Structure formats: C-alpha cells, structure tokens
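Morning, everyone. I will be brief.

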Amino acid sequence: MMRFGAGVTGRRPLRRGLLLGLPAAWGAVAITYKLGCPLAQQTGLGARIVTSAVFFAVGTGLVLHVRQVLLTELKQVRRVAGAAQAALLRPLPPRVDGLAVAAAQRSAEQGAFVGGDLYDVISTEHGVRVVMGDVRGHGLAAIGTVAAVLGSFREAVHDERDLTGVLRRLDRALARHLREKARVAQSLGDPDLAVAEEFVTVLLLEIRRDGDVRALNCGHPWPHLLRGGRVVPLAVTVPLPPLGLFPLPADLVPLPGGSLLPGDSLFLHTDGVEDARDTHGRFFPLTAALADAVRDGPEPPRTVLGAVHARLMRHSGGAPADDIAMLVLRNERGTTVPCPGRPVGHRAHH
C-alpha cells in the first residue's frame with residue numbers, strides 16, 4: 001500500500017512535466033523564430049505572411065494541445081464518477097427473487113452522475129426489501145447522506161426480522177451522519193456544511209413470497225400499483241414525517257399494502273418526478289403517463305420506465321429542476337397464489 005501511494009505520487013511530477021512540455025516547446029519555437037530568424041525581422045508583405053503563418057501554427061498547436069489535455073481529464077473524471085455511481089447506486093439486476101426490476105436516476109446538477117435520490121432492491125430471507133428515498137437538496141451536496149442511508153439499509157435488511165427494525169437502523173445511521181457533519185462544519189467554520197433541517201424521505205417495502213406487501217413511509221410519495229391496465233395508489237394514508245426531523249414513534253408498525261399478484265407492477269418514484277414542470281408551470285401528470293404506458297395491458301418494467309421517462313423529459317424540456325429516480329417492480333412469480341379477498345391498494349390508517 002505504501003509503495004502504491006509513493007508510486008502514484010512520483011508519477012505526478014512526470015505527468016505534469018509532460019503536459020507542460022509541449023506548450024513550452026511551442027513557445028520556444030515562436031520566440032526563437034521571432035528573435036533569431038532574419039525573415040522575421042523584415043517588414044515586407046511576404047515576410048509578414050510567413051511570420052503570421054508561423055504564429056498561427058504555434059497558436060493552433062497550443063489550442064489543440066490544451067483541448068486534448070482537457071478531454072483526457074474529462075474522461076478521467078467521468079470514469080471516476082461512473083465508478084462512484086456504481087458503488088453508491090449500484091446497477092440493479094433484471095430479476096430479484098422472481099421480481100422483474102428496472103430503475104432510472106437523473107441528477108439535476110449539471111455534470112453530476114449521482115444526486116440526492118436513493119434506491120435499492122435486495123432479496124433476503126424475510127422477502128424482497130426495497131428502499132426509495134430522497135435527501136433534502138440535490139446534486140453533489142447530498143451524496144454523503146445518500147451513502148450513509150444506503151449503507152445502513154444494505155446491512156439492516158439482512159439483520160432485522162421486520163421493517164420496523166430496518167427503519168430504526170436507518171434513523172440512527174442518519175443521526176450519526178448528521179452529528180458528524182455538524183462537527184466537521186463547526187471545526188471548519190463553514191456555514192455551507194450546516195445541517196439545520198436536513199432530512200430524508202424514505203419508503204421501505206417488503207414483498208414476501210406469497211405476494212404480501214408491507215410498507216413503512218416517512219414523508220415519501222406512495223407507489224402506484226399497476227394492475228390490468230389500471231393505476232391505483234398502493235395506499236392513501238398520511239406518511240410519517242421524514243427521517244431527521246422528529247423521533248420515530250414508539251408504536252411503529254408496518255402497514256399492509258395488499259397483495260402483488262402475478263403480472264402486477266409497482267411504480268416507485270421520488271417527488272422530483274411529479275414536481276417536474278413544463279414551460280407553463282404545469283406539474284407532470286404521472287398517473288396519466290402510467291395509464292398510457294399500461295393501456296394495452298401489463299408491460300415489462302423497462303418498457304413502462306422508458307415510456308414514463310421519455311414523457312417526463314418532453315414535459316420538462318429535458319432538464320428537470322430536481323433529482324429524479326424511478327423504480328418498477330413486476331411480480332413474475334408464476335407459482336404465487338394470492339390470498340382470496342385481499343384488497344387492491346389497501347387503504348391503511350394510523
């Protein structure tokens with residue numbers, strides 16, 4: 001490890017020297033020509049044309065060299081950003097324990113690959129567990145909080161027997177992260193790192209082998225259930241407050257969300273989707289977009305996701321003002337037998 005770090009450090013001066021060497025050489029050529037070449041001292045039209053051509057060639061060489069350096073650096077930054085995104089919002093497999101999965105994410109910050117939205121789908125012995133969240137703010141400033149919440153979720157889903165334990169683990173992880181962030185802000189005297197009123201909306205779902213759905217919602221939009229060409233909310237109860245604003249209630253109980261039958265899909269999203277506006281200030285009609293996507297019957301998740309995303313981009317002119325994330329889960333478990341009489345999009349109350 002020590003030798004690796006020393007090797008990288010040792011290569012930096014050499015690389016910097018190579019980057020500066022060509023411009024210096026071009027400059028030396030131009031100065032040598034101007035001061036040492038007799039033709040450059042003449043004032044005739046022909047001599048001036050030759051001198052102009054020489055300096056034009058030097059300038060063009062410098063511009064092309066700088067352009068190549070910038071392109072090389074940009075490619076390197078994109079590779080690093082892509083690796084960071086893959087580690088943070090890792091690509092989801094097309095199927096998770098009999099559920100077909102598709103996801104899409106877009107940062108509102110120009111040039112950023114990741115932002116303040118988070119999601120993951122993990123198969124556990126307790127069922128498939130899903131998280132969808134949205135950190136206050138957007139873009140690069142929210143990445144640290146996204147990492148704290150996702151890291152906690154990926155451990156807790158395997159350790160905790162029910163969603164209540166998972167949510168409490170996320171709440172504690174967020175509190176630790178905000179305390180550390182406040183400590184760093186105080187030590188640096190940087191007001192931009194202040195954490196006043198920082199919070200995260202979180203939706204947790206658990207989809208069991210029999211299709212039963214359990215949910216805990218802290219300030220997040222409810223998913224839409226897509227069934228037989230219809231689009232209905234999974235639930236209409238008022239969510240709990242977002243994490244980070246108030247302590248979780250002592251009597252926290254997951255809400256029943258009905259059954260996800262074979263062929264049914266769930267569409268999860270962050271509020272940046274519904275809040276996207278067009279040039280006239282109108283919000284994006286998500287329910288209508290979903291209804292159009294499944295008008296002819298059940299569609300694969302990627303098809304639904306692609307249709308909604310394309311319509312959203314047209315609606316917002318290709319530049320939504322907030323981060324957006326969308327996730328589609330479709331039950332393709334052919335042997336699942338639903339419980340008779342279970343309601344669609346059960347309306348739970350607390």
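Let me start with one pair of residues. Val-131 has a bridge partner in E5, and that partner is Leu-204. Keep in mind that this is a predicted model.

Now widen the view to the strands. E5 covers residues 200-207. Eight bridges join E5 to E4, and the two strands run antiparallel.

What about the E3 side? Strand E3, residues 117-124, is also joined to E4 by eight bridges. Again the strands run antiparallel. E3 and E4 make a hairpin, with two residues between them. Look there in the model: Thr-124 stands opposite Gly-127 in E4.

Next point: how many residues of E4 are buried? The strand spans residues 127-135, and nine of its nine residues are buried. Buried here means under 20% relative accessible area. E4 is mostly covered.

Now the whole protein. It has eight helices and eleven strands. There are 350 residues, and 41% of them count as buried.

Then contacts. Take those between residues at least 6 apart in sequence. Of these, 71% join residues at least 24 apart.

Last, the surface. The accessible surface comes to about 18,600 Å². Which atoms does 60% of that surface belong to? Carbon and sulfur.

Key. Residues numbered from 1 in each chain as written. Predicted model: local features only at pLDDT ≥ 70, side-chain atom pairs only at ≥ 80, totals over all residues. Heavy atoms only, no water. Buried < 20%, exposed > 50% of the residue type's maximum accessible area, 1.4 Å probe, protein only. Helix = DSSP H or I, 4+ residues; strand = E, 2+ residues; numbered from the N terminus. Pairing = 2+ DSSP bridges. Contact = heavy atoms within 4.5 Å. Areas by Shrake-Rupley, 256 points an atom, 1.4 Å probe, with all protein chains shown as cover.
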